[in-house]
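Subject: Structure handover

Hello,

Here is the structure for your files. My notes on it follow below.

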Amino acid sequence: MGLLGSLAMLFLLILLSWFPEIRSQSNNRTQTLDPLLQDYAFRVFASPKTGIPYDGVVPSNLTGINIAAMRLRSGSLKRKGVPMYKEFEIPPGVMESPYVERLVLVYHNLGNWSTIYYPLTGYTYLTPVLGLLGYSAANLSATNLPELEIRTTGDPIKIKFPEVRSAPDGSVAQCVWYDGHGLANFTNVVSGNVCSTTQQGHFAIVVGSVAPSPSPVSPIPPSSGGSKGTNSRVWIIVGSVLGGLALFLLLAFLLLWLRKYKHKKRMQQMENAADVGETLRMTTVGETKAPSAMLTRTQPTLESEYVP
């Protein structure tokens with residue numbers, strides 16, 4: 001049963017490696033998207049001017065996402081802020097950690113990819129997901145840069161969404177903020193189309209949905225697969241798990257049958273050997289052939305040979 005135990009442990013390890021993947025698909029996708037967008041946003045800097053936003057171009061397989069980058073002096077950002085950077089109004093008092101002399105604020109508008117990278121069960125997006133992330137500007141050709149921690153020490157940063165879909169009757173719209181780990185945090189909407197934050201991240205306006213509905217922003221590009229692609233991937237993983245379980249049970253059955261067959265074969269050989277017995281050698285006595293033993297187990301001894 002040692003082999004069966006090893007196979008069972010291997011199967012359990014496969015299950016443990018698959019199920020966390022199902023739970024963390026969204027987080028893994030965002031962790032790969034942000035560095036990619038940082039790379040393409042930094043490519044717009046040929047001879048950048050401080051405080052000027054530059055629109056970037058994403059790869060063709062991410063068409064629909066808009067990005068921009070703006071280089072700033074850390075001291076100027078803290079003293080003056082940025083009156084308007086796309087939909088973000090950045091007040092004075094913003095600081096970064098760790099401290100850098102110059103930094104770049106990278107802007108994201110995920111558009112019709114919002115529900116793909118930030119799926120939110122039970123809610124419908126009334127706006128696309130917008131992002132604001134800070135990076136060091138020491139090397140404008142660097143990739144996979146770690147994010148700076150951007151926080152306000154005074155008034156909050158405001159996100160003014162220009163277009164907000166109407167919420168269903170009886171429902172209340174909310175602001176959602178996704179932190180660096182992809183966790184959703186909810187706050188109240190200000191003035192109908194404004195959200196506020198004290199730190200960087202991704203933001204949107206959502207409303208609780210009673211029944212599943214299509215993407216509220218715009219149709220998902222056919223190449224992206226959308227939520228159907230995510231669901232199909234989950235079903236593929238579940239099917240693989242069930243198939244692996246069936247294969248494991250079949251293999252266990254075959255091993256048990258093989259062990260039982262070998263044991264039965266061995267018993268049959270022993271029974272045959274017992275029935276046939278040991279074959280005696282034939283010898284000729286005169287004109288007659290008779291069986292004879294190869295060796296005499298006990299040599300005969302005359303009683304007179306014993307000496308008292």
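Trp257 and Tyr261 are about one helical turn apart because they sit four residues from each other in helix α5 (residues 226–276); helices here are DSSP runs of H or I with at least four residues, and strands are runs of E with at least two, numbered from the N terminus. Tyr261 is partly exposed, at 42% relative accessible area (buried is under 20%, exposed over 50%, partly exposed in between; 1.4 Å probe, protein chains only).

The model is predicted: local features need pLDDT of at least 70, side-chain atom pairs count only at pLDDT 80 or more, and totals for chains, interfaces and linings use all residues. Residues are numbered from 1 along each chain as its sequence is written, and side-chain values use heavy atoms, without hydrogens and water.

The count of aromatic pairs is 10 (Phe, Tyr or Trp rings, the six-membered one for Trp, with centres within 6.5 Å; planes under 30 degrees apart are stacked, over 60 edge-to-face, the rest tilted). Trp257 and Tyr261 form a stacked pair, 5.5 Å centre to centre with 15° between the planes. Trp113 and Tyr117 have ring centres 6.0 Å apart and planes at 35°, so their pair is tilted; both residues are buried. Ring pairs also join Phe42, Phe45, Tyr54 and Tyr135 in a cluster.

Ser114 belongs to helix α4 (residues 114–117) and is buried, at 0% relative accessibility. Leaving out residues up to four places away in sequence, Ser114 touches Pro119, Tyr125, Pro128 and Val129 (heavy atoms within 4.5 Å).

Regards
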